[in-house]
Amino acid sequence: MKIDGVFSGGGIKGFALIGAYEEIESRGLQFVRVAGTSAGSILAALIAAGYTSKEVYKMIDELDISKLLDARKTIVPFPLAKWLFLYWKLGLYKGDEFEKWIKEKLEAKGIRTFSDLPPQALRVVASDLSNGKMVVLPDDLQKYGISPGAFSIAKAIRMSCSIPYFFEPVKLRSVEGINILVDGGVLSNFPIWLFDQENVKKIRPVLGIKLSSSEYEHEKHKIKNGIQLFGALFETMKDAHDARYISKKHVKDIIFIPTKGVLFTEFHLSVEKKRELFEEGKKQAKQFLEKWVY
């Protein structure tokens, strides 16, 4: 059966999304349109490009994530340089290696720009801090005087994954100047509203996969230092918009995956922890799909 899919953000916790994708795929469900934010945008793009769940898991499992943390080179001692780059470049890591990696994976399937995919096959969310608004890519690119079809999908994913202060934001040139874009999770971490709107008949069933225990429960944040404060601040921002949108009508079409105890920026997870996330995603998807009425 053909369905549309929405994948939430969650940083490194995205391994759980891959597990859910494997279970969905094993049941013969095929995605026609996909959307996502941050980590969810990565999986959405790979699905749109034609990757199977096993191919996605293998490529992510073999990836040395530390190589994507491309700090700028400097003669200044790193602890000091780190804060200087944060001040001047607005992020600890450039993000160029990540964009290069996703670009290579998409090009391996012959996908470079949005014109290489069917219309609306892939949509991702980013946040425009310059104008204080949410941006849906590629739909909103025309507002910047940019041709949507000619825009790099890898660049769009890079925008959606630019965790504030962690990765440098993307500077998007438009007819009105430079715009600063960061992680879509700042404004919508789970954009199920792209395919499932009130009073609008759905084209086909919509399935959401969200990295949280439920629409109501929320793990209490432990805040004892500045890093934990930032983590709590970002988690609160990215969940607030979507928590208000999700109603009982939508809950019946959402797979909730608890990822307690894993930070979204915990990029040095052990092999065992990665596998645990994958298996948890698969388990939750299996339990959900056995009862899903679409």
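This is a predicted model: local features need pLDDT of at least 70, side-chain atom pairs count only at pLDDT 80 or more; totals for chains, interfaces and linings use all residues.
Q: Where is proline 138 found?
A: Proline 138 sits in the loop between strand E5 (133-137) and helix H6. Residues are numbered from 1 along each chain as its sequence is written, and side-chain values use heavy atoms, with hydrogens and water left out.

Q: What makes the peptide bond from leucine 137 to proline 138 worth a look?
A: That bond is cis, with omega near 10°. For background, most peptide bonds are trans, and most residues other than glycine have a negative phi.

Q: What is the phi of serine 38, and why is serine 38 called buried?
A: Serine 38 has a positive phi, near 55°, and is not a glycine. You will find serine 38 in the loop between strand E2 (30-37) and H2. As for burial, the relative accessible area of serine 38 is 7%. Buried means under 20%, exposed over 50% and partly exposed in between (1.4 Å probe, protein chains only), so serine 38 counts as buried.

Q: Why is glutamine 120 called partly exposed?
A: Glutamine 120 has a relative accessibility of 40%, which is why the label is partly exposed. Glutamine 120 lies in the loop between H5 and strand E4 (122-128). Its phi is positive too, about 65°, although glutamine 120 is not a glycine.

Q: How do you know that lysine 67 is exposed?
A: The relative accessible area of lysine 67 is 60%, and therefore the residue counts as exposed. Lysine 67 belongs to the loop between H3 and helix H4 (78-88). Glutamate 97 is 30 residues away from lysine 67 in sequence and 7.3 Å away in space, C-alpha to C-alpha.

Q: What makes serine 212 buried?
A: With a relative accessible area of 15%, serine 212 counts as buried. Serine 212 is placed in the loop between strand E9 (206-210) and helix H7 (226-245). Leaving aside neighbours within four places in sequence, serine 212 is in contact with Phe256, Ile257 and Pro258; contact means heavy atoms within 4.5 Å.

Q: Why are H1 and H3 called roughly antiparallel?
A: Helix H1 (residues 15-26) and helix H3 (residues 53-62) pack at about 160°, with axes 9 Å apart. Axes are lines fitted to C-alpha atoms, for helices over the stretch in contact, and angles run from 0 to 180 degrees between N-to-C directions. Under 35 degrees is roughly parallel, over 145 roughly antiparallel, 65 to 115 roughly perpendicular and the rest oblique. H1 and H3 are therefore roughly antiparallel.

Q: What makes the crossing of H1 and H3 left-handed?
A: A crossing is left-handed if the near helix is turned anticlockwise from the far one by less than a right angle, and right-handed if clockwise. H1 passes H3 in the left-handed way. Phe15, Ile18, Tyr21, Glu22 and Glu25 of H1 meet residues of H3 including Val56, Tyr57 and Ile60.

Q: How do you know that isoleucine 60 is buried?
A: Isoleucine 60 has a relative accessible area of 13%, so it counts as buried. Not counting residues up to four places away in sequence, isoleucine 60 touches Phe15, Ile18 and Trp101. The buried residues of H3 are Ser53, Val56, Tyr57, Met59 and Ile60, and what covers them includes H1, H2, helix H5 (96-107) and helix H9 (271-289).

Q: Why is H2 called roughly antiparallel to H6?
A: Helix H2 (residues 39-49) and helix H6 (residues 153-160) pack at about 160°, with axes 8 Å apart. That angle makes H2 roughly antiparallel to H6. Their crossing is right-handed.

Q: What makes H2 roughly parallel to H5?
A: H2 and H5 pack at an angle of about 20°, and their axes are 10 Å apart. H2 is therefore roughly parallel to H5. H2 passes H5 in a right-handed crossing, where Ile42, Ala45, Leu46 and Ala49 of H2 meet Phe98, Trp101, Ile102, Lys105 and Leu106 of H5.

Technical notes
Helices (H or I, at least four residues) and strands (E, at least two) are DSSP runs, numbered from the N terminus.
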